[in-house]
Amino acid sequence: MPLGFTSKVFQVDTLDLDGKQEQIVKGGRHLFPLLPKAFEGISQIGVIGWGSQGPAQAQNLRDSLIETDIRVKVGLRPGSSSMEEARAVGFSEEDGTLGEMFDVIRESDLVLLLISDAAQAELYPKVFAALKPGATLGLSHGFLLAHLKNVGDKWPENVNVIAVCPKGMGPSVRRLYLQGRSINGAGINSSFAIEQDIDGRATDIALGWSIAIGSPYTFQTTLESEYKSDIYGERGILLGAVHGIIESLYRRYVSQGMSREDAFLHSAEAITGPISKVISKQGLLAVYEAIGADGRREFDKAYASAYPAARTLLEEIYDEVSSGNEIRSVIMAGERLKRQPMGKIDGTETWRVGQAVRAKRVEEDIPLDPFTAGVYIATMIAQVDILLEKGHPYSEVANESVIEAVDSLNPYMHARGVSYMVDNCSTTARLGSRKWAPRFDYVLTEQSYVQLDNGESVDMSLLESFKRHKIHHVLAECAKLRPPVDIFVE
């Protein structure tokens, strides 16, 4: 569907992204006084769930609306172990800000359904039945839409259905919001989507929600485009691919004679340190410029060998997501997880060595390894290319493939390792990372590196495509809206 929106409350700006016009709303704490108007007719916002997004969004909304009469109330299952966590940050039964989830749904005008995707698939009929006529159902992920398509069901006709989807894990949403107390506009960017608007208020409610959780800027998408790009991106460069890349590079460097500590420095530390920082502040081409003439030869051969293998696997992932297969697999896994929880993912030699390396880290000594940069950026560009070919908005492509990786997720891995990054995300993301990371490790080790080591030719024209890529202009424009501070994780 063609994108475009107007707001009765907030200023709408236009971005030129490589010749395509996209509308955005810039956030900031100076807009908090407009929130009552955006939320007109809403006396209670129910935040349902306490997983990755629930704690951050509930606290951010409460803090942003503290000068208003709008109540933010958390709804959880009776006996939930998260009750104590919610009480610890100031929600309580005594003051009416904590309650049983279906009671909270029944009494709320805006219901933010932030329970796990598997729980949404299981409980949505009861959730739909509990919604007030005329209420607004809010989602931070399009997973439920994908599930409804799979089972042939639909939304209730008497409610608004909207989404606000932060481009980062829940802890990032809270951390940058807190940093923004002293620096206006610090936060995590969000996309928004209007799936059903029964009263003409859905857009302003969604924009108010996004601003209230601290989004520096909010861009438009559709719920279908969001779930496809998000679930795909998690399995790709955001989580699964970066994990697989690091495992493959670490072993390669050790086999070539590096010490284990140096192998970790040249793989994981290089990606989460200088490579991510340069991309975040200056863009992808700046990495290429920073490695020098000798390094570029290593970058070129790594890029040209990694891109085809990564692209083939990323095409498979997109097909699995868009067909509904990946959604079905998450739901089936939810049943298994009731019997056997997910195992740890940081027990390999790579991450055991990484603990010691991080303990004595000197940031300035981390190498910007050109081969590592070539593999990582090739996979990133392969993901970008597939999303662009599938018609996703430029802003969504940039956020789901580049910005979220370097500004929100990789800093968590840099702080404490892969598990700290992956397992602060949703169950859907955690499952996807575990499923696809080994596949990236495999295709790089068995195809890309073998091709190089055997002296086989690679398609060097891929480098010219990279240098001329439209994503560079898109990132340059998006960088103008970058949060004014780096996320502080440690």
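How do strands S8 (residues 160-166) and S9 pair, in the parallel or the antiparallel sense, and over how many bridges? They pair in the antiparallel sense, over 6 bridges, and the views below start from there.

This is a predicted model, in which local features need pLDDT of at least 70 and side-chain atom pairs count only at pLDDT 80 or more, while totals for chains, interfaces and linings use all residues. Residues are numbered from 1 along each chain as its sequence is written, and side-chain values use heavy atoms, with hydrogens and water left out.

View 1. Helices (H or I, at least four residues) and strands (E, at least two) are DSSP runs, numbered from the N terminus. Two strands count as paired if DSSP finds at least two bridges between them. Here, Cys-165 has Ser-191 in S9 as its bridge partner. S9 is mostly covered, with 5 of its 7 residues buried; buried means under 20% relative accessible area, exposed over 50%, and partly exposed in between (1.4 Å probe, protein chains only).

**View 2. Strand S10 between its partners.** On one side of the pairing list, S9 (residues 190-196) joins S10 in the parallel sense over 3 bridges. Look for Ser-190 opposite Thr-218 and for Phe-192 opposite Gln-220. From S9 the chain passes through helix H8 (residues 202-212) to S10, making a right-handed β-α-β crossover. Right-handed here means that, with the strands pointing away from the viewer, the path from the first strand over the helix to the second runs clockwise. Strand S2 (residues 20-26) also pairs with S10, in the antiparallel sense and over 3 bridges, and Ile-24 has Phe-219 as its bridge partner. Within S10 (residues 217-220), Tyr-217 and Phe-219 point one way and Thr-218 and Gln-220 the other, and all are buried.

**View 3. The bend in helix H17.** Helix H17 (residues 394-416) has 23 residues and reaches 31 Å from its first C-alpha to its last, close to the 33 Å expected at 1.5 Å a residue. That expected span is 1.5 Å times one less than the number of residues. At Ala-405 the helix bends by about 60°, the bend being the angle between axes fitted to the seven residues ending there and the seven starting there. H17 is mostly covered, with 22 of its 23 residues buried. Just after the helix, Gly-417 takes a positive phi of about 110°.

**View 4. The surroundings of Met-83.** Met-83 lies in helix H3 (residues 82-88) and counts as buried at 10% relative accessibility. Leaving aside residues up to four places away in sequence, Met-83 touches Leu-76, Arg-77, Glu-93, Leu-98 and Gly-99, where contact means heavy atoms within 4.5 Å. The C-alpha atoms of Met-83 and Glu-100 are separated by 9.8 Å, and these residues are 17 apart along the chain.
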